[in-house]
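Try each task before reading its solution.

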Amino acid sequence: MTNKTSVFFRRLTGGSIKKMFMHIGLIHKETGKNRVWLFFDMTWCIFRFKMGYSDYHCFGFANVRGKQRLTFLTMNDNIILSSRLNSREVFDIFYDKGKFNKAFSEFAGREWLDLRDASREDFKSFCGGKSCIFAKPVDGCGGTNVEKIALESADLDGLYERLMKNGQLMVEEEIIQHDKMSSLAGSSVNTLRIVTLYQNGELHLMYAMLRMSDGKKCVDNICSGGMYCPIDEDGVIRKPAYCSETGEFYEPHPFTGTSFIGFEIPYYNEAVGLVERASEKFPNMGYLGWDVAVTPEGPILLEANNMPGFDIAQNYGHLDEKIGIKPRFEEVLGKDFFKG
């Protein structure tokens, strides 16, 4: 079996056939294109571009043809970026929330405790005076197993044992976000995803996105039903938000009624400055997606991802010229970077 064929079957079987046909149905509704044609074109793109069916939908490939499709950054391109620009010697710092918080403690802006390095009494002391905490796995992603825990009348001994048993070993104090950010969706901390290339001592901001919850969940992660929209260079949102779970765009927020278009991110320039300073700590990590929260006092750093999602910055409904972001990376890295 050739490499392309194996990738094709991995992409196809790695997802859900039911979800694949759900996307085909949504694309048919959006474009009016024949479902059978969409199926075969989607299958061809999975094989040709080593992409998933959700990428086909997100990128609007039903309407994007020919060489224009080559402007879109794919999963394979994303892997090349991470593998060639990021040093494996420090990967663990960006996979492990405890190690990350230690390495970037000056940017954390909140109290936290790694239960691997703390005693029961340390945990009880940490909880003292707090109304709630957040608990999560040290190696979790996508908001999985993140829990907001009210501490009023809580049995701290029992809670400690439960968190240890469940592997929720990172506990943090509640982040109080800026009122303006909370107006979008008050149930979650709504974060900025700022993706950068750090090359030869210079930081290149490739794109920035705003992520928020549906207004009910305590996390803003896209795979947990959250929504996203692009942030322009001046820190202003000029596009509606998109929810992958429903496949729909929203203006305003369906739960809070806050308008996205024209929304100005508070402390946006300061958030970019924070990321620039943080990037200098590990110059051998050249490709990262930084997650930043905005508090009343300014931005704080939550985590960084050594293989940030590439799809959200290429949503067809957000692209004015219907061109992907790959040319932006080639401007910095050279036309031949993704070859070979």
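**Exercise 1.** Is Cys 45 buried or exposed?

*Solution.* This is a predicted model, so every value here is computed from it. The cut-off for buried is under 20% relative accessible area. Cys 45 has 0% relative accessibility, so Cys 45 counts as buried.

**Exercise 2.** How many disulfides are there? Work through the cysteine sulfurs.

*Solution.* Step one: take the cut-off. Two cysteine sulfur atoms must lie within 2.5 Å. Step two: check Cys 45. The closest cysteine sulfur is in Cys 58, 14 Å away, which is too far for a bond. Step three: check Cys 58. Step four: give the count. It comes to zero disulfides. Note also that Cys 58 is buried, at 10% relative accessible area.

**Exercise 3.** Find how S4 pairs with S1 and with S2.

*Solution.* Start with S1, residues 112–114. Three bridges join S1 to S4, residues 170–173, and the two run antiparallel. Trp 112 stands opposite Glu 172 in S4. Now take S2, residues 132–136. Four bridges join S2 to S4, again antiparallel. Here Lys 136 stands opposite Met 170 in S4.

Technical notes. Residues are numbered from 1 along each chain as its sequence is written. This is a predicted model: local features need pLDDT of at least 70, side-chain atom pairs count only at pLDDT 80 or more; totals for chains, interfaces and linings use all residues. Side-chain values use heavy atoms; hydrogens and water are left out. Buried means under 20% relative accessible area, exposed over 50%, partly exposed in between (1.4 Å probe, protein chains only). Two strands pair if DSSP finds at least two bridges between them.
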